[in-house]
Amino acid sequence: MSPLDRIANVSILKQHEVDKLYKVESRPALSSSDQFCFLVRPRIRTMRYIADIVNADKMSGRSRKYKIIFSPQKFYACEMVLEEEGVFGDVTCDEWSFYLLPLDEDIISMELPEFFRDYFLEGDHRWINSVARALQLLNSLYGPFGKVYGIGRCAKMSYELWRDLEEESEGDSQGRKPEIGNIFLMDRDTDYVTALCSQVVYEGLVDDTFRIKCGSVDFGPDVTSSDKSIKVLLNAQDKVFSQIRNEHFSSVFGFLSQKSRNLQAQYDRRRGMDIKQMKNFVSQELKGLKQEHRLLSLHIGACESIMKKKTKQDFQEMIKAEHSLLEGFDIRESTSFIEEHIDRQVSPTESLRLMCLLSITENGLIPKDYRSLKTQYLQSYGPEHLLTFHNLKRMGLLTEQSAGETLTAVESKVSKLVTDRAAGKITDAFNSLARKSNFRALSKKLGLIPRVDGEYDLKMPRDMAYVFSGAYVPLSCKIIEQVLERRGWLGLEEVVRLLNGNEFSVSDSAAEDNPAWESQRVVLAVFLGGCTFSEMAALRFLGKERGCKFIFLTTAITNSARMMEAAIEAKA
Amino acid sequence: MYAGAGPVVPGSDAAMKGAGTQQTLPALRGILQFQMSLDCPLRYKRLTIEVLLDRLVLRRLYPLAIRICEYLRLSEIQGVSRILAHWACYKVQQKDKSDEEVAHAINQKLGDTPGISYSEIAARAYDCGRTELAIKLLEYEPRSGEQVPLLLKMKRSKLALSKAIESGDTDLVYTVVLHLKNELNRGTFFMTLQNQPVALSLYRQFCKHQERETLKDLYNQDDNHQELGNFHVHSSYSEKPSSTIWVFAARGFPPSPCSGRVGALQNAVDEYYKAKNEFAAKATEDQIKLLRLQRHLQEDFDKPYLDLSLHDTVSNLILDGHHKRAEQLYRDFKIPDKRYWWLKISALANRGDWEEMEKFSKSKKSPIGYLPFVEISVKHHNRYEAKKYAPRVTPEQRVKAFVLVGCAADAAIEHKNETEMNFVLSKCTASTDTAVVEKLNRARAQLLKK
């Protein structure tokens, strides 16, 4: 499902005289319509695709009208490319400043999955403008935001740009009752670890297994137990889903079975009914029951499918290795596990993910392992992944512990390229070279690994660690928790240092003067580079505990597979 | 400063208070007085305030115009700012004052009044040929992005680039960079970019998609051998030799030695060595070796081998029964034992060649143990074979093996081991294994009695 489907689906478009929809970047569109309209993101690749179509038409003597709608904005480079390809005069261009897509009652997505690769790999700041505008839009609808917290270079830049936009716009936010009191901006690279972990809350598992797109998932025949696949919208409207989405997977099956039994009992009630009651039952309740039945069987089917896949891939072993990496013991065993995983060709993205997890938690691989694991991977999956490793190194996801190269040497290399004024705007690619991971230190300082006596109760969890089976409290969520508690970064200086700085905390004095009590409880958590369902589940839990409500704004939904795919250099 | 004819408004500030007509009348008294000295009579009633102000401005009666704005309480943008902007534009034309003085005077008067665009004033200065003044005025423009178009016009490209980067507007930076590309010669262009990492990075992005050859030049300029290596590796994948190979073969020509790809990879190797990246260099050398070998294999066996990973190449060889060739690759590419064994038994199982697998298992001590043999046999639904390997599994893993094979219960009972029995019990499903469960429970009870 694409964002367009969530706004105007095919039937609505057809009502407005759209003949057919094609996807850009698959085969060229062959159609007899004499008007083409391209709704695209501003990418050079896409411009070439369009230019090819226009030029092909020109060569075959067809004349058509072409309109390009850029979302959220047009980039100059695109115009240049259209000019170079000789089609600039043949097309008309428009902009559709579409920034926010509400996916659920507490999730807003900017549907910019490319943000992660563009910013964290290429050091391209193009989307910061979009983020700032999105914030501006939200501010105008629900603000003014009382307190702003943030950490990360991108967060800082987005915040500053947003403030500039606010100043220039002369909008009047006076007199409006604010609905969102706090906002927290965080860069994805503040916490890569959480994004790399396997997810075990239901929504996260569904995403990992089936890939949720724009809040909707495709369940195939193995789930529906028929020969059809169906698209299901997963949000709070689905009564069954909303009750299990944040639960740990171990509780879900039991819950669903119980619900099935209740449902059956409800159906069975009709045995003892008279005509009048039956009529009532059929008209009022049956539809609801049927709906619930349908949803239940879908989710039970999904669970079964998930369990089947997990047993095939030695899920338990992998979780054990992951937990060892998070906790920091049995590292050699975990490394051997990863090596075997690569050798047995279980899954290319999973192997890569485990390698990155090892690297980040251990602050880089020891040179022997770095060479060996990379060699094994290349042998298994092909030598083009040399480029993949280069990408991962640039992003700081898979690095080597360098004995010879101390931090200061790297710093001086970086500083040679920096001029005074441009210092603030230097690309992050260079930043990640100088950046250390410090996961273990952070873990100790923030108590991310819970010490448990006995079994960790997953049915009645007592902290956010339940989203990872009690083994690990997500770092990103912990940071948010601490900062909100302290209303700032006071007392977290050491943590900030370990996170490589760039923290900020700003209060809007005007808004502070009239603390509308309701809005103080609402926190907008902004993830720049992607947010996982596990983090959302954890923060929803935190919200319940602390009596506040979290709304999530993310550049895109993400998980470990998507992150790895962003780094992988596929063959042309 | 007054530069035209006309009397000064009498100092009636004190009287000029209040709103509405009470305001306008005294103000206009001044104008009416002034009117009388004009050549052509002005009819107040037919004039709007804007037109009146415009006429005053044309006659350069700026202070008067400003006072009128203030008394009429026009918003800054509508009133005072406009006047000041006009005044400033006029001021820049004054050739008698130095650039420094003019710029200073203007800034003094204008300050940070909203609605004034210093860039517009600067543009006017430039149009009058006072470039330096224009630059000084531009300095007052708070929004860096606004400074850029004029700077480009004035051919201060490097400054334009810095300002664009400062503004944080990526699109603007792109505009300037591409403008520079057309304006400067290549060498100067690259040099300018070198000093601006943000711009360089953006331009690289552009080149990656649109002009790959330029990318090579950029990296060469930079002596960035690592990236050059990557560049060549990337190029080698953009070429598609496989089809070429078959075309040549079909036409009876000897297949070209995929020189395009191998050439690119060789270049990569050279660059990687220069970059002191031994790992990448060796890996790429291996890749060249593999490609050449795959080409031969394709010729010999008439099956596709090019572009497969090493693992898949060996796997396919075994699948087709070419065990000697597979062994050759195992030695040549130094495939680790563990991997080779995993690979081989998977492929053999896929092929259904249980005889060969058994022979292999006996060839030497298995580096991966024998549990994998059991697992893979079971995966292919061959319990009979699995049973052969189960006894050879190490003691700790034996129960697991037997569980897989289905005679775990017996093993556990034989060992009189409660943990093992519990383990097996946990794997039993109530429906299918009732007999087994019973057997185990009885045995366990017996154990506990002791």
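Me: How many cavities of 30 Å³ or more are there?

Reply: This is a predicted model, and in it the count comes to 11 cavities of 30 Å³ or more.

Me: Which residues line the largest cavity?

Reply: A lining can draw on both chains, as it does here: Pro42(A), Arg43(A), Ile44(A), Arg45(A) and Arg126(A) are joined by Tyr174(B), Gln205(B) and His209(B). Helix H3 (44–59) of chain A and helix H12 (197–210) of chain B each supply at least two residues of this lining, which by class has 3 nonpolar, 2 polar and 3 charged residues.

Me: Where does the second largest cavity lie?

Reply: Domain 2 (102–191 + 460–567) and domain 3 (213–312) of chain A both give residues to its lining, so the second largest cavity lies between them. Among the lining residues are Leu103(A), Asp104(A), Leu234(A), Arg245(A) and Phe533(A), and the lining as a whole divides into 6 nonpolar, 1 polar and 3 charged residues.

Me: How many disulfides are there over all chains?

Reply: A disulfide is a covalent bond between the sulfur atoms of two cysteines. Over all chains the count comes to 0 disulfides. For Cys78(A), the closest cysteine sulfur is that of Cys93(A), and because the two sulfurs are 8.8 Å apart, they are too far for a bond. Cys154(A) is in no disulfide either, since the nearest cysteine sulfur, in Cys531(A), is 15 Å away.

Me: Is Cys78(A) buried or exposed?

Reply: Cys78(A) is buried, with a relative accessible area of 1%, and Cys154(A) is likewise buried, at 0%.

How values were computed:
Residues are numbered from 1 along each chain as its sequence is written. Chains are lettered from A and ligands numbered from 1 in the order in which they are written. This is a predicted model: local features need pLDDT of at least 70, side-chain atom pairs count only at pLDDT 80 or more; totals for chains, interfaces and linings use all residues. Side-chain values use heavy atoms; hydrogens and water are left out. A disulfide is a pair of cysteine sulfur atoms within 2.5 Å. Buried means under 20% relative accessible area, exposed over 50%, partly exposed in between (1.4 Å probe, protein chains only). On a 1 Å grid over the protein atoms alone, a cavity is a set of points where a 1.4 Å probe fits but cannot get out, and a pocket is an open set with protein on both sides within 12 Å along at least five of seven lines; lining residues have an atom within 4 Å of a point. Grid points are joined across faces, edges and corners, and a volume is the space filled by probe spheres set on the points. Helices (H or I, at least four residues) and strands (E, at least two) are DSSP runs, numbered from the N terminus. Ala, Val, Leu, Ile, Met, Phe, Trp, Tyr, Cys and Pro count as nonpolar, Asp, Glu, Lys and Arg as charged, and the others, Gly among them, as polar. Domain bounds come from an automatic or database domain assignment.
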